[in-house]
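Here's a quick briefing on how two chains meet, written for someone with the structure open alongside. Have a look at it first, then read on.

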Amino acid sequence: MNLSRIAPIGFTFALLWAFQALAQEVELRIETVLATNSPVIAPGLTKGFEGKFNSDLQKQLTSAFPYESYQLLERVSRKGQLGKREDFSLPGGRLLQIAPREYTNHRIALQIMLMEGSAPSPFMNAALSLPNNGTVFYGGRRYQGGILIIRIGATVKE
Amino acid sequence: MEMCQHAERLIPLLHDGELPSPLRREMHSHLVTCFPCTRALSLLERGQELLSQVIDEEIEGIDFSNFWQGVEDKLRESRPSWALRFRLWVERWHLTQPLYAPAWAVAAVLLLTFGVLLQQKSAIDIAKSPPSPSERIADQSLQDSLSPQPPFVPDQPSDRNDLEDGFAFVSNQAQIESLSSSDTVAVWNDPGNNSTVIWIGSDMSEEMP
């Protein structure tokens with residue numbers, strides 16, 4: 001095989017590699033917490049946390065919400081791509097759809113849709129942007145005598 | 001058999017319809033008076049008829065019911081491999097669009113350079129020193145004027161210790177472009193951890209923190 005044949009093939013591979021570089025990977029993190037006002041049993045504590053909470057999640061929950069106890073129901077981390085929708089199941093038959101749209105100025109634009117019901121219909125649709133590695137809280141839906149709080153995080157590897 | 005000069009050269013041409021009009025008319029006039037030429041033309045026509053008859057009889061004996069299926073089978077059998085077709089395509093393209101190998105090599109190098117620069121761009125941006133608080137507030141105010149979002153809360157140190165990790169400190173607040181819900185929605189920024197909360201509930205007074 002001579003150079004005149006190797007060069008176009010090399011060009012093709014370089015083209016594919018360049019396109020791959022353009023398709024950025026997005027890591028989506030969902031942490032679902034059940035917040036209740038049931039009394040804290042452990043002595044010396046003003047707030048109760050059940051489950052493997054990160055320290056930053058604990059502090060954020062304590063700062064932002066006035067509930068007495070928090071139970072970590074689920075922590076999911078998934079790698080997706082810009083423009084590709086990811087579906088996350090939530091307690092109570094709910095569904096969370098997140099589509100990372102674009103990444104500019106170190107901010108990730110997301111389209112977030114929350115759905116519930118036996119024939120899932122969207123009850124919340126939001127277009128927002130987060131700083132890279134940032135988070136946003138969703139709350140307010142009732143579940144098993146408490147309130148669901150969902151922390152959504154997104155990270156683009158730079 | 002006695003033949004005139006016309007019979008030798010022109011009768012086959014006349015039979016095949018190859019003669020131009022003036023010559024053809026002249027030949028027809030000649031055939032009226034020339035018996036050898038008339039006979040030669042008759043023999044040619046008879047020979048043609050016999051040949052057609054023989055061919056038709058042979059064709060009638062052949063079964064054509066699976067003819068097209070056979071053609072398709074043969075085409076499928078003789079389909080060249082993917083590699084061969086790709087090579088033929090490259091060669092044909094190379095013939096119609098002659099480009100020298102150095103041109104391809106330069107294009108490939110440019111593409112690779114572009115890809116490397118693209119990947120390094122973000123890292124270079126982050127490595128820059130963080131903007132001063134006034135610059136960040138000015139930037140945030142500009143963003144406020146461009147898109148609807150929750151009220152601005154000045155940046156506060158986060159729990160992630162971003163500066164120690166070598167990253168510029170950034171606000172954790174979300175910028176909301178659009179928000180719709182069938183229920184009541186409340187949005188606020190928690191100053192304690194500088195993050196945005198979206199609260200959706202049908203009975204806000206009872207559920208909202």
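What follows covers chain B and the side of it that touches chain A. Keep in mind that this is a predicted model. In short, 42 residues of chain B are in contact with 39 residues of chain A, and a strand of each chain takes part in antiparallel pairing across the two.

**Chain B by itself**
- You'll find 8 helices and 3 strands in chain B.
- Of the 209 residues in chain B, 12% are buried.
- Take the contacts in chain B between residues at least 6 apart in sequence: 45% of these link residues at least 24 apart.

**The side of chain B that touches chain A**
- With 42 residues of chain B in contact with chain A, three elements of chain B supply at least two residues each: α6 (101-127), β1 (175-181) and β3 (195-201).
- The largest share of this side comes from α6(B), which puts in 14 residues.
- Sorted by class, this side of chain B has 21 nonpolar residues, 15 polar ones and 6 charged ones.

**Strand pairing between the chains**
- β1(B) also pairs with a strand of chain A: 6 bridges join it to β7 (residues 121-131) of chain A, and the two run antiparallel.

Notes: Residues are numbered from 1 along each chain as its sequence is written. Chains are lettered from A and ligands numbered from 1 in the order in which they are written. This is a predicted model: local features need pLDDT of at least 70, side-chain atom pairs count only at pLDDT 80 or more; totals for chains, interfaces and linings use all residues. Two residues are in contact if their C-beta atoms, placed from the backbone, lie within 7 Å. Helices (H or I, at least four residues) and strands (E, at least two) are DSSP runs, numbered from the N terminus. Ala, Val, Leu, Ile, Met, Phe, Trp, Tyr, Cys and Pro count as nonpolar, Asp, Glu, Lys and Arg as charged, and the others, Gly among them, as polar. Two strands pair if DSSP finds at least two bridges between them. A residue is buried if 20 or more other C-beta atoms lie within 10 Å of its own, exposed if 12 or fewer, and partly exposed in between; C-beta atoms are placed from the backbone.
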